[in-house]
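Reader: I am new to this structure and would like to learn how to read its features one at a time. Could you take me through them with care?

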Amino acid sequence: MASHNELGKLGEELAVDFLQQNGYAILETNWVFQKAEIDIIAQKDNILAIVEVKTRSSIDFGLPQDFVKPKKIQLLVKAVNEYVTSRDLDVEVRFDIIAINKEGNDFHIEHIEEAFYYF
């Protein structure tokens, strides 16, 4: 596996641990619908958090959250619509980003709630 893929996988694992420590139930990881993949679907109370995880080894080229592009947002919206509809869920949907930067041997985790809107 390429080192950037390993870093991405590690970032997703760190994000899952972070969410669980903050009271979220993890419903799905790497959930796929058509061309869209949702990194993490988590729930806390009546909020369904659709979480995009971005992990970077350096912020020299920008913050991790800057790499969530409009096309990705469009795909996430389509996928979550299918997820909620197919399961007949009555929840509030929120789109979050967990941005992770590697700093030496440590990782800095930032949870950005309501990172973008879908209208």
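Author: Let us begin with a term: two strands pair if DSSP finds at least two bridges between them. In this model, which is predicted, strand S4 (residues 92–103) and S5 run antiparallel and are joined by seven bridges.

Reader: How many residues lie between S4 and S5 in their hairpin?

Author: The hairpin formed by S4 and S5 has two residues between the strands, and Gly104, in the turn, has a positive phi of about 65 degrees. Across the pair, Ile98 stands opposite His111 in S5.

Reader: Why does Gln34 count as exposed, and why does Glu114 count as partly exposed?

Author: Exposed means over 50% relative accessible area, and partly exposed lies between that and the 20% under which a residue is buried. Gln34 has 56% relative accessibility and therefore counts as exposed, whereas Glu114, at 40%, counts as partly exposed.

Reader: How far apart are Asn5 and Thr55 in sequence and in space?

Author: Asn5, whose place is in helix H1 (residues 3–21), is 50 residues from Thr55 in sequence and 9.9 Å from Thr55 in space, C-alpha to C-alpha. Asn5 is partly exposed, with a relative accessible area of 39%.

How values were computed
Residues are numbered from 1 along each chain as its sequence is written. This is a predicted model: local features need pLDDT of at least 70, side-chain atom pairs count only at pLDDT 80 or more; totals for chains, interfaces and linings use all residues. Side-chain values use heavy atoms; hydrogens and water are left out. Buried means under 20% relative accessible area, exposed over 50%, partly exposed in between (1.4 Å probe, protein chains only). Helices (H or I, at least four residues) and strands (E, at least two) are DSSP runs, numbered from the N terminus.
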